[in-house]
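Open the model in your viewer and keep the selection tool at hand. Each stop below says what to select and what is there.

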Amino acid sequence: MSHVIPYIAAIQEAIREEMERDDRVLYFGQNMATSPEDPFLKQFGPDRVRVTPISETAEIGIATGAAVAGYRPVVELYMAEFLLVATDQVVNEGTRFHFMSKGQVSVPMVMVAGYGFTAGWAGQHTGSIYGMFMGVPGLKVALPSTPADAKGLMTTAIRDDNPVLFFQNYLLLLDEGEVPDGEHAVPFGVADVKRAGSDLTLVATGYAVRTALGAAESLARRGVSVEVIDPRTIAPLDVDTILSSVARTGHLVLVDQATRHSSVAAVIAAEVAELGFSSLEAPISLVTALDSSIAYSKPVEEFVLPDEHKVVKAVEESLGLAPASA
Amino acid sequence: MANANPTDGSAPAALGAERLAWMYTQMYRIREFEERVKSTFTEHPGILRGHTHLADGAEASIVGSVAALAPDDQIVTTYRCHGYPIALGTDMKLMMAEIYGKATGLCGGLGGSMHLYDVARGFLGGSGIVAQAIPHATGAAWAAQIRRRGQVVVCFFGDGASKQGAFHESLNIASVWKLPIVYVMENNHYQASTRTDQEDANAAHGEPLSTKAKAYSMEGVTVDGADPVAVHATLADALARARSGTGPTLVESLVYRLSAHGNLIAPPGVPLNYPEHEAIAIFGNRDEYEAALRGDPVPRFRHQLVTEGTLSAADADAIEQAAREEVDEAQRFALDSPWPAPDSGLDYVYA
Ligand SMILES: Cc1ncc(C[n+]2csc(CCOP(=O)(O)OP(=O)(O)O)c2C)c(N)n1
Ligand SMILES: [Mg+2]
């Protein structure tokens with residue numbers, strides 16, 4: 001059985017259920033739980049649910065400290081760029097402790113960060129910055145594209161004994177989808193085939209999954225069968241599912257909202273080039289954002305971002321198809 | 001002394017009638033502009049994107065501060081940045097066009113509401129990331145110190161920003177280096193939907209936020225930010241201290257934001273109108289909000305000037321009429337202007 005809820009509600013549902021299941025789960029951040037009517041504050045009380053000032057270094061550092069001391073904090077950061085203020089705490093503190101202490105310390109914490117608000121939020125609030133964090137040893141990175149995955153990955157994130165960066169997409173917040181009833185945990189490091197196909201493999205991350213599915217749908221109307229794979233977590237990254245798909249299709253197009261050199265797409269391209277070279281019948285193609293900041297004005301914003309049209313074009317080129325409009 | 005108002009007994013020469021009328025004019029222009037930005041959400045849905053933060057309620061603080069600047073001084077602000085350039089003389093048409101995302105805007109539509117710049121008028125910009133422009137202002141003050149031309153930098157930010165490391169780190173350095181800078185914290189009693197007493201140690205202990213200056217051994221002053229003359233006097237003192245090399249000041253200017261923090265935060269497809277003020281929407285405190293409306297600095301200053309005989313009612317009406325016409329024209333210009341070329345997004349990545 002399942003129920004239909006928006007992406008954001010699915011995330012909140014996972015946090016609430018994990019807080020009910022485990023008293024050690026804490027939930028805090030800016031501009032939350034400020035009124036006695038706040039549902040989390042009402043249900044779990046001020047020991048476990050708190051508002052913080054605008055102090056990202058302290059917020060993430062406090063989560064780290066509470067985790068070392070035995071709790072399982074979830075820190076809500078709203079926009080991903082805000083955690084850049086506290087980059088040391090994100091990449092160079094809690095991520096190192098388990099290793100440096102020879103396993104004496106573990107840091108089970110979740111940092112929740114929204115990214116990619118490409119709806120006029122302009123230069124400083126629109127980045128798809130997840131790729132910056134995928135090579136940090138000790139840090140896991142989740143990037144859900146559907147309500148079901150959002151819930152399942154949040155559940156797993158809270159239960160994980162490591163720091164997890166949970167990236168939610170701002171454009172998807174109100175997207176509705178089926179979420180399984182009851183406990184729902186999606187394992188880390190297991191990609192999901194969002195659409196099966198045989199002619200070409202499209203791998204997309206986060207918001208770009210929607211773009212890829214749209215392109216696959218329009219290509220299907222032309223008789224082109226595209227497989228769409230969503231890695232769901234980018235650290236750990238499930239390369240095997242991608243390799244076995246490419247082994248069947250021989251063609252790989254990667255779609256990512258990030259700029260090319262800080263995209264997950266670039267890393268996947270490298271993995272497939274090394275491990276799946278013999279399967280490839282055409283060069284790997286990357287459809288990413290152009291190397292620029294995101295403008296406020298809509299036509300400029302759209303120009304630099306990947307879209308269905310750009311994906312379709314890359315697929316046509318990979319398969320040697322004539323353009324649809326011709 | 002951190003909390004004493006140094007303007008007590010040492011007020012600078014009184015502002016003349018002309019200057020006071022100028023100040024009222026700027027306050028009214030800002031209000032009219034912000035109301036037009038706000039009404040755009042309903043009158044022209046879809047034009048405004050992203051997040052817009054209005055200065056309504058802070059006009060007296062903004063204009064009192066800008067009025068005290070010398071021509072060569074510079075300012076650095078936040079994302080709540082529409083008021084300052086208006087008072088500095090930036091063309092409203094270019095501002096509205098920027099906020100509407102048009103090619104004719106101050107920044108060609110690349111920046112939008114949160115990222116206005118007018119470097120020629122001394123407005124060096126700000127940051128959409130809370131408190132992160134405070135060090136930039138501090139660096140500009142170092143540059144001013146090296147140039148020795150008597151310039152001062154005024155750094156505007158909110159109460160919420162004073163909980164960031166960037167604030168504390170900057171004030172410490174500015175005090176050690178005796179930088180020519182004035183930090184103006186507009187305390188509007190909220191950081192988005194959090195009340196100051198829920199997140200600020202001074203406020204939680206019933207102390208003014210200017211107390212923070214003590215930690216950096218600099219002057220700290222709290223001023224009624226609804227009174228442009230008081231703000232002007234406070235800034236004039238602080239600017240004089242900064243210019244003479246005595247060092248920085250932290251001014252806490254008490255204001256009340258009359259609109260919600262910003263327009264609704266929602267994905268495309270949802271109308272982005274302005275919610276009710278957080279006092280009502282989150283805390284159910286209609287009395288607080290209505291008291292703030294009664295203390296609205298714009299009509300309050302008009303009333304004061306007319307009552308004192310500084311300005312006739314007819315002159316005040318004329319100022320208001322001119323501001324409305326100016327904003328009408330700015331809006332028409334912005335609506336009629338073309339969109340930027342899509343590939344202009346690649347033009348300014350590197351200098
Ligand atoms: C580092 C960072 N954290 C959080 C935010 C989100 N945010 C934008 S404005 C704001 C409130 C700031 O309050 P305050 O400094 O009092 O200024 P005001 O908006 O009241 O003028 C917050 C939390 C941000 N932009 N940057
Ligand atoms: Mg504030």
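How many disulfides does a search of the whole structure find over all chains? It finds zero, a disulfide being a pair of cysteine sulfur atoms within 2.5 Å.

Before selecting anything, note that this is a predicted model, in which local features need pLDDT of at least 70 and side-chain atom pairs count only at pLDDT 80 or more, while totals for chains, interfaces and linings use all residues. Residues are numbered from 1 along each chain as its sequence is written, chains are lettered from A and ligands numbered from 1 in the order in which they are written, and side-chain values use heavy atoms, with hydrogens and water left out.

**Stop 1: two cysteines in chain B**

Select B:C81. Its sulfur is 9.1 Å from the closest cysteine sulfur, that of B:C107, which is too far for a bond. B:C81 has 1% relative accessibility and so counts as buried; buried means under 20% relative accessible area, exposed means over 50%, and partly exposed is in between (1.4 Å probe, protein chains only).

Now select B:C155. The closest cysteine sulfur to its own is in B:C81, 13 Å away, again too far for a bond. B:C155 is buried too, with a relative accessible area of 1%.

**Stop 2: strand β1 of chain B**

Select residues 74-78 of chain B, strand β1. Helices (H or I, at least four residues) and strands (E, at least two) are DSSP runs, numbered from the N terminus. Five of the five residues of β1(B) are buried.

Which strands pair with β1(B)? Two strands pair if DSSP finds at least two bridges between them. Strand β3 (residues 153-158) of chain B runs parallel to β1(B) and is joined to it by three bridges. Here B:C155 from the previous stop returns: it stands opposite B:V76. Strand β2 (residues 123-127) of chain B also pairs with β1(B) in the parallel sense, over three bridges. In that pairing, B:I75 has B:F123 as its bridge partner.

**Stop 3: helix α4 of chain B**

Select residues 92-99 of chain B. Six of the eight residues of this helix, α4(B), are buried, so the helix is largely enclosed by the rest of the structure. The buried ones are B:M92, B:M95, B:M96, B:A97, B:E98 and B:I99. Their cover includes α1 (17-43), α3 (83-88) and α14 (313-336) of chain B.

Look at both ends of the helix. At its start, a side-chain oxygen of B:D91 comes to within 2.9 Å of the backbone nitrogen of B:K93. After the helix comes B:G101, with a positive phi near 75°.

**Stop 4: where chain B meets chain A**

Show both chains. The contact (heavy atoms within 4.5 Å) takes 46 residues from chain B and 39 residues from chain A. The area buried between them is about 3200 Å², and carbon and sulfur atoms give 62% of it; buried area is the accessible area (1.4 Å probe) that two parts lose on being put together, summed over both. B:R49, B:I129 and B:P267 supply 21% of the area that chain B buries against chain A, more than any other three residues.

Which side chains form the one salt bridge between the chains? They are those of B:R49 and A:E301, at 2.8 Å from N to O. A salt bridge is a side-chain nitrogen of Lys or Arg within 4 Å of a carboxyl oxygen of Asp or Glu.

**Stop 5: A:D149 and its partners**

The structure holds 41 salt bridges over all chains. For one of them, select A:K194 and A:D149, where the closest N and O atoms are 2.6 Å apart. A:K194 is in strand β9 (residues 192-195) and A:D149 in helix α7 (residues 147-159) of chain A, so the pair ties together parts 45 residues apart in sequence. A:K194 is partly exposed, with a relative accessible area of 23%, whereas A:D149 counts as buried at 4%.

A:R232 sits in the loop between β11 (226-230) and β12 (233-235) of chain A, 83 residues from A:D149. Both A:R232 and A:D149 are buried.

Definitions and conventions: Polar contact = N/O pair within 3.5 Å; in protein donor to acceptor, adjacent residues only side chain to side chain.
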